[in-house]
Amino acid sequence: MVKESEAITDDVAELVTSAHRVAVLTGAGISAESGVPTFREAQTGLWERFSAEDLATVEAFENDPALVWTWYRWRQSLIQAVEPNPGHAALADWQARLRARQGELSIITQNVDDLHERAGAEVLGHLHGSIFTHRCVDCAEPAELPAPQYNGFEPPAESEHPPPCAVCGHGVLRPNVVWFAEMLPAEAFEDASAAIRSADLVLVVGTSGIVQPAASLPLLAMERRTPLVEVNPEPTELTEVMDYSLRGPSGTLLAQMVQASR
Ligand code: BV8
Ligand code: ZN
């Protein structure tokens with residue numbers, strides 16, 4: 001039966017202190033305090049009539065390439081304009097301290113941003129790809145692009161078309177994110193599964209637990225009775241399988257957990 005609390009309890013502090021191999025699954029919520037909207041929040045500007053789920057699909061891109069392309073380039077501008085928050089920093093700090101004593105903290109993220117890395121952490125896998133790299137829809141050749149110049153805090157008034165592929169000349173570019181109904185990168189998913197199977201503590205931070213198959217990863221911990229701790233201001237689809245659910249913002253609670261682990 002999950003134990004919910006708004007602060008770190010003694011038994012969570014004990015788990016954190018004794019953990020040697022930690023696996024952390026993060027979602028959009030860990031970047032919320034940096035100012036990056038979560039996936040379930042309403043869209044604005046050109047995209048206000050759409051949900052993120054409608055836009056993050058091959059069909060949406062084929063149907064209106066400029067609308068979807070601009071959404072990603074604008075989101076990339078926003079991510080570039082914000083900073084990692086104390087939640088990202090806490091995981092980076094904890095990872096370094098565990099590695100210093102031959103332990104490990106594996107970060108598996110659903111996020112397409114680079115805020116974990118910019119906080120100094122190493123990420124084991126980006127299950128849903130990266131917004132920063134691009135490829136041709138036809139020949140799949142990677143393409144180098146200059147950073148987008150949008151104002152990340154002000155949705156653009158009109159959209160721009162995805163550039164043509166310079167290699168094959170007939171495809172257009174797309175971001176290297178995983179769209180709905182697309183397969184996840186196999187290596188990232190396998191590495192994530194292995195890390196969770198060998199962990200002695202699993203954290204689930206800032207995810208609604210709706211999107212599959214990422215949301216099934218914590219079940220690998222439950223099967224082995226590995227302690228499961230959730231950090232989220234709201235209950236989620238995964239709260240019921242947690243041992244502990246810390247009901248608050250990750251920026252505060254992760255910092256408290258890392259403090260307790262010293
Ligand atoms: C797949 C990249 C196999 C793009 C994303 C029918 C047909 C086909 C597939 C399906 C189907 N029905 C279901 C599926 C499977 C589908 C799925 O799960 N759908 C859901 C909607 C039910 N999954 C897929 O399609 C996956 N592929 O299954 O392939 C296949 C192949 C062919 C046919 C069938 C199957 C691909 C899924 C990947 C999609 N791409 N992102 C982009 O970013 O634009 S997913 C996207 O949504 C994000 O990456 C993220 O992972 C996800 C949103 O989840 P969260 O991260 O949890 O974010 P969310 O906003 O939901 O929640 C934020 C949380 O933060 C909240 O709980 C909130 O309380 C909390 N929070 C807020 N503030 C804070 C906080 N927490 C802590 N601190 C705070 N301060
Ligand atoms: Zn091409």
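A polar contact is a pair of N or O atoms within 3.5 Å; within protein, one atom must be able to donate a hydrogen and the other to accept it. That term is needed at the second stop of this tour, which runs through a predicted model.

**Stop 1: the interface.** Select next the residues where the domains meet: 13 residues of domain 1 are in contact with 12 residues of domain 2. The size of an interface is often given as the accessible area lost when the parts come together. Here domain 1 and domain 2 bury about 940 Å² between them, and 64% of that area is on carbon and sulfur atoms. Across this interface, 4 residue pairs are in polar contact, both residues of each pair being at pLDDT 80 or more. The count of salt bridges between domain 1 and domain 2 is 0.

**Stop 2: the zinc site.** Select the zinc ion (ligand 2) and display the side chains of Cys136, Cys139, Cys165 and Cys168. The SG atoms of these four cysteines are the protein donors of the zinc ion, at 2.2 to 2.3 Å from it. Along the chain, the donors follow the spacing C-x2-C-x25-C-x2-C. The site is tetrahedral, with angles of 106 to 120° among its 4 donor atoms.

Cysteine 165 counts as buried because its relative accessibility is 5%, under the 20% limit. Cysteine 168, with a relative accessible area of 25%, is partly exposed.

- Select glutamate 182 and arginine 174, whose side chains meet in a salt bridge at 2.7 Å, N to O. Glutamate 182 is partly exposed, at 22% relative accessible area, whereas arginine 174 is buried, at 5%.
- Elsewhere, salt bridges that share partners join Arg99, Glu104 and Glu122 into one network. Within it, select glutamate 104 and arginine 99, which form a salt bridge of 3.0 Å, N to O. Glutamate 104 is partly exposed at 25%, and arginine 99 also counts as partly exposed at 34%.
- Finally, select arginine 118 and aspartate 114, whose side chains meet in a salt bridge of 3.2 Å, N to O. Arginine 118 has a relative accessible area of 33% and is therefore partly exposed.

Technical notes. Residues are numbered from 1 along each chain as its sequence is written. Chains are lettered from A and ligands numbered from 1 in the order in which they are written. This is a predicted model: local features need pLDDT of at least 70, side-chain atom pairs count only at pLDDT 80 or more; totals for chains, interfaces and linings use all residues. Side-chain values use heavy atoms; hydrogens and water are left out. Donors are N, O and S atoms within 2.8 Å of the metal (3.2 Å for Na, K and Ca); water is not among the atoms, so sites may look incomplete. Four donors count as tetrahedral if all angles lie between 85 and 135 degrees; four count as square planar and six as octahedral if opposite donors are over 155 degrees apart and all others between 65 and 115; anything else is irregular. Buried means under 20% relative accessible area, exposed over 50%, partly exposed in between (1.4 Å probe, protein chains only). Contact means heavy atoms within 4.5 Å. Buried area is the accessible area (1.4 Å probe) that two parts lose on being put together, summed over both. A salt bridge is a side-chain nitrogen of Lys or Arg within 4 Å of a carboxyl oxygen of Asp or Glu. A polar contact is a pair of N or O atoms within 3.5 Å; within protein, one must be able to donate a hydrogen and the other to accept it, and residues adjacent in sequence count only if both atoms are side-chain atoms.
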